[in-house]
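Here is a colleague's note to read with the structure open, written as numbered points. Please keep the model in view while going through them.

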Amino acid sequence: MQTSNKNIGFRGGLVTAARLAAVLVALVAAGGTTSSSQTATLPPYEVFRSRPDLRPPTVQILRPASTAHRTASGYLFIGPKRRAVQAGPMIFDNRGNLVWFRPLRTRGVTDLRVQRYRGRPVLTWWQARPTGATHGSAFYKIADRSYRTLAVVRPGAGATADPHEFLLTARGTALMTTFRGARVGGRRVIEGGVQEIDLRTGRVLFDWGSVDHVAVGESYAKPPKNPSVLYDYFHINSIDVDTDGNLLVSARNTHAVYKIHHRTGRVLWRLGGKRSDYSLGPGVRFAWQHDARRQPDHTISVFDNGAAPKRHDESRVLFLHLSRETRKARLVRRVIHRPSILAINQGNAQRLANGDLLVGWGHTPYVTEYDKRGRVVLDLRFGRRADTYRAYRFPWIGRPLTKPAVAVHRGRVFVSWNGATEVARWQILAGRSARHLQPFRTVPKRGFETPAAISPDLPWISVRALDRTGRALGTSRTIHAH
């Protein structure tokens, strides 16, 4: 895989990768704080006796899934950060129970999702270098079902890995958002980019930069008063492969979606912004948006933040129809949250296999799933003053290489297995000596950590994980209960 240089090219000088990475991390996590009324009753993190090292944000279910209104299958995937006690990739279920969490010593983690790599499902995410590190850079990570790292991916040609998009393709390549420093008309700017690399060789196959195609004057972001401060005029935040193989790119600070020729890099059309090639019908105009995607019905979905600065009263997911004949963009559908949410940054909308829509409300720590009729089938919030760049739902089978974790407290054993998705029951093994353990009782798995009563006459304890068929999946270490 390609590795980034410590100093990256700047058109007119050099700027450290650390400085640019700090700028982008700050921009992803920028904004105000969640109101105290929203978070006063929500503990900031969960505590587990068997895994005291894990402190994931608490998930509160506001509207639970039901048999009458089922969600799509799979788990929920977020990357809690900002003021989360621990930042890291996190998976949980419809009841808010933790499935997997990896706390990272990092300033940020974004875009945790399931993709396919070499024909198999994998986890991918963007990660900043550890807090306090003096070398290295941001990167994308690919991990297998056992949560082992398969690849660490960085862009080439002097670009830095941007937090917003890392998209694996069926061709064995990765599309990623990037940034570089550039100088335009005497001002130093952040140039947003799209890069495609061959994952096997690390060779750069496509390298597009905003400065050569989008004028700084198209930006709605105010330039910094200090000319030495980098001006983030473009702020790329999503890439999607369109049905014809060309690319759809969203840029927050120009309020526009661009269609880019995948071979030449030419901008084929603009939607929104100061130079839109489409006239915008009622309700279409968006601002500071994220996550532009082509949908199966040929509409384009956009997460319209509407702030900040504020342009709308609430954030919306828009579905837009573009007419090639009339060059008009028409609003087909909009999705809003009740009560209303104004997400000043971040956010996404994922179309699920059953037709549902999962919305991550960006800066505000809410995730909502809507069915085909627009009814809420699941609504939740997480953490206290935490957020996630995006939220997703995917099927996932996790088989960690670690052992189940076990602890004893006040006559009960507590057991968990971070990342294991196939555990149905826990078999408690107990005995008078560590060498002579026998099955004592079997209890159903309840949430991330399951408690069970133990006998004071059998002080040595171990716990075995069983699947639905009774097959043993793994066994904890043996501990003494007193």
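1. With which residue does arginine 270 form a salt bridge? In this predicted model, in which local features need pLDDT of at least 70, side-chain atom pairs count only at pLDDT 80 or more, and totals for chains, interfaces and linings use all residues, the partner of arginine 270 is glutamate 218, and their closest N and O atoms are 3.1 Å apart. Residues are numbered from 1 along each chain as its sequence is written, and side-chain values use heavy atoms, with hydrogens and water left out.

2. The pair links distant parts of the chain, 52 residues apart, since arginine 270 belongs to strand β19 (residues 267–272) and glutamate 218 to the loop between β15 (204–209) and β16 (236–241); strands here are DSSP runs (E, at least two residues), numbered from the N terminus. Arginine 270 is buried, at a relative accessible area of 7%, and glutamate 218 is buried as well, at 5%, where buried means under 20% relative accessible area, exposed over 50% and partly exposed in between (1.4 Å probe, protein chains only).

3. The structure holds 27 salt bridges, a salt bridge being a side-chain nitrogen of Lys or Arg within 4 Å of a carboxyl oxygen of Asp or Glu. One of them joins the side chains of glutamate 196 and arginine 171, at 2.6 Å from N to O. Glutamate 196 lies in strand β14 (residues 187–198) and arginine 171 in the loop between β12 and β13 (173–184), so this pair ties together parts that are 25 residues apart in sequence. Glutamate 196 is buried, with a relative accessible area of 2%, whereas arginine 171 counts as exposed at 57%.

4. Arginine 316 and aspartate 304 form another salt bridge, with their closest N and O atoms 2.7 Å apart. This pair links strand β23 (residues 316–323), which holds arginine 316, to strand β22 (residues 300–304), which holds aspartate 304, and the two residues are twelve residues apart. Arginine 316 is buried at 9% relative accessible area, and aspartate 304 is buried at 0%. Elsewhere, salt bridges that share partners join Asp111, Arg113, Glu165, Asp240, Asp291, Arg293 and Arg390 into one network.

5. Strand β25 gives the largest share of the lining, four residues.

6. Strand β25 (348–351) also belongs to an open sheet of five strands, in the order β3-β28-β27-β26-β25 with antiparallel pairing, where two strands pair if DSSP finds at least two bridges between them. β3 (59–63) and β25 stand at the edges with a single partner strand each, so one side of each is left without a neighbour in the sheet. β3 pairs with strand β28 (residues 376–382) over four bridges, and arginine 63 has aspartate 379 of β28 as its bridge partner.
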